[in-house]
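Take a look at the chain below.

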Amino acid sequence: MPELTHDGRTIQFTLQRSSRRRKTVSIKLDPVAGLVIMTPANYSDPQVHDLLRTRWDWVWNKYSQYQDLTRQLVCAELVPGRRLLYLGTFRTLQVTSISQGSGSIQLSHDSIRLNLPEAVDTRLCQEAVKFALERWYYEQAFRHLTTRIQQLADELGLLPKRVRIKDQKTRWGSCSELGNINLNWRLIMAPESVIDYILVHELVHLRILNHSAAFWHQVAQHVPQYEKQQEWLERHASLMRL
């Protein structure tokens, strides 16, 4: 992973170059990749370093916030009492053993209860809990996101050729030149308003495949305060994982 030292402090970052970007450079925090720098394909390493140095205080502040959250989560095992996000609300994880059946998950307004078969080896409990929760979250995301994007697509008159729910490591969503949209299953952890912002964002890409002023103008027409949704994602990105 690339790194840069400035003023006696070192940061690590992920560099993403794209031919779809003409001039703009963006910096964001990602739930898995950390600090991500997105540049045009012809942007050199020295240019990236110069950019980071000119915004060093801001970059260091964001990087420090991410590191603090990461340290909190390193030891955050999937044990009873762990707080998990679902549709923007923290819910307490409860794990119980059942004598019959293959296991299930029940959702309430303040908890996510996982029922595990008694036969599950305690040595594999963490793996079993993680596998069950990821599968459940994915299923919820598939149902919710595919339904909602169809509703928004009808409203906007922008129909994707295909929508897939994926385990994306560095993006909340993406739109290809072929009109296919991929969505990160972790979006189901975000509030409805944040989900709608990401869905609108990707749908507008069907018309404008860049982040020009025209693109953001169209996003703002449908999500007038989209900056607030971006801020929520930035603050909670590191918490949107298991």
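## A buried tyrosine and its partner

Tyr226 is buried, because its relative accessible area is 12% and the cut-off for buried is under 20%. The model is a predicted one. Tyr197 is also buried, at 4% relative accessibility.

Tyr197 and Tyr226 form a stacked aromatic pair. Their ring centres are 6.1 Å apart, with 10° between the planes. The pair joins distant parts of the chain. Tyr197 belongs to helix 4, and Tyr226 to helix 6 (residues 226–236). They stand 29 residues apart.

Tyr137 and Trp185 are part of one aromatic cluster, together with Tyr86 and Trp136.

## Charges over rings

Which ring has Arg83 over it? The charged end of Arg83 sits over the ring of Phe90, 4.3 Å from the centre. Arg55 lies over the face of Trp58, at 4.6 Å from the ring centre.

## Helix 4, an enclosed helix

Helix 4 has 14 residues, and 12 of them are buried, so this helix is largely enclosed by the rest of the structure. The buried ones include Val194, Asp196, His201 and His205. The length of helix 4 can be checked too. At 1.5 Å a residue, helix 4 should span 20 Å, and its end C-alpha atoms are 20 Å apart, which agrees.

Glu202 lies in helix 4. Is Glu202 buried or exposed? Glu202 is buried, because its relative accessible area is 5% and buried means under 20%. Which residues does Glu202 contact, leaving aside neighbours within four places in sequence? They are Gly173, Ser174, Cys175, Ile181 and Leu183.

In helix 5 (residues 213–222), the buried residues are Phe215, Gln218 and Val219. They lie on the same side of helix 5, because they cover an arc of only 100° around the axis. An α-helix has 3.6 residues a turn, so residues three or four places apart point the same way.

The other side of helix 5 has exposed residues: Ala213, His217 and Gln221. What do the buried residues of helix 5 pack against? They pack against helix 4 and helix 6.

## The nonpolar cores

The largest nonpolar core has 49 residues. Leu133, Tyr137 and Leu183 touch the most other members. Helix 3 gives the most, with 11 residues.

What does Leu133 touch, not counting residues up to four places away in sequence? It touches Leu78, Leu84, Leu93, Ile105, Ile112 and Leu242. There is also a second, separate core, with 13 residues. Phe13, Ile27, Val48 and Trp56 are among them.

Note on methods:
Residues are numbered from 1 along each chain as its sequence is written. This is a predicted model: local features need pLDDT of at least 70, side-chain atom pairs count only at pLDDT 80 or more; totals for chains, interfaces and linings use all residues. Side-chain values use heavy atoms; hydrogens and water are left out. Rings of Phe, Tyr and Trp (its six-membered ring) pair if their centres lie within 6.5 Å; planes under 30 degrees apart count as stacked, over 60 as edge-to-face and the rest as tilted. Helices (H or I, at least four residues) and strands (E, at least two) are DSSP runs, numbered from the N terminus. Buried means under 20% relative accessible area, exposed over 50%, partly exposed in between (1.4 Å probe, protein chains only). A charge sits over a ring if NZ of Lys or CZ of Arg is within 6 Å of the ring centre and within 35 degrees of the ring normal. The arc is that of the directions from the helix axis to the C-beta atoms. Contact means heavy atoms within 4.5 Å. A nonpolar core is a set of buried Ala, Val, Leu, Ile, Met, Phe, Trp, Tyr and Cys residues joined through side-chain atoms within 4.5 Å. The expected span of a helix is 1.5 Å times one less than its number of residues.
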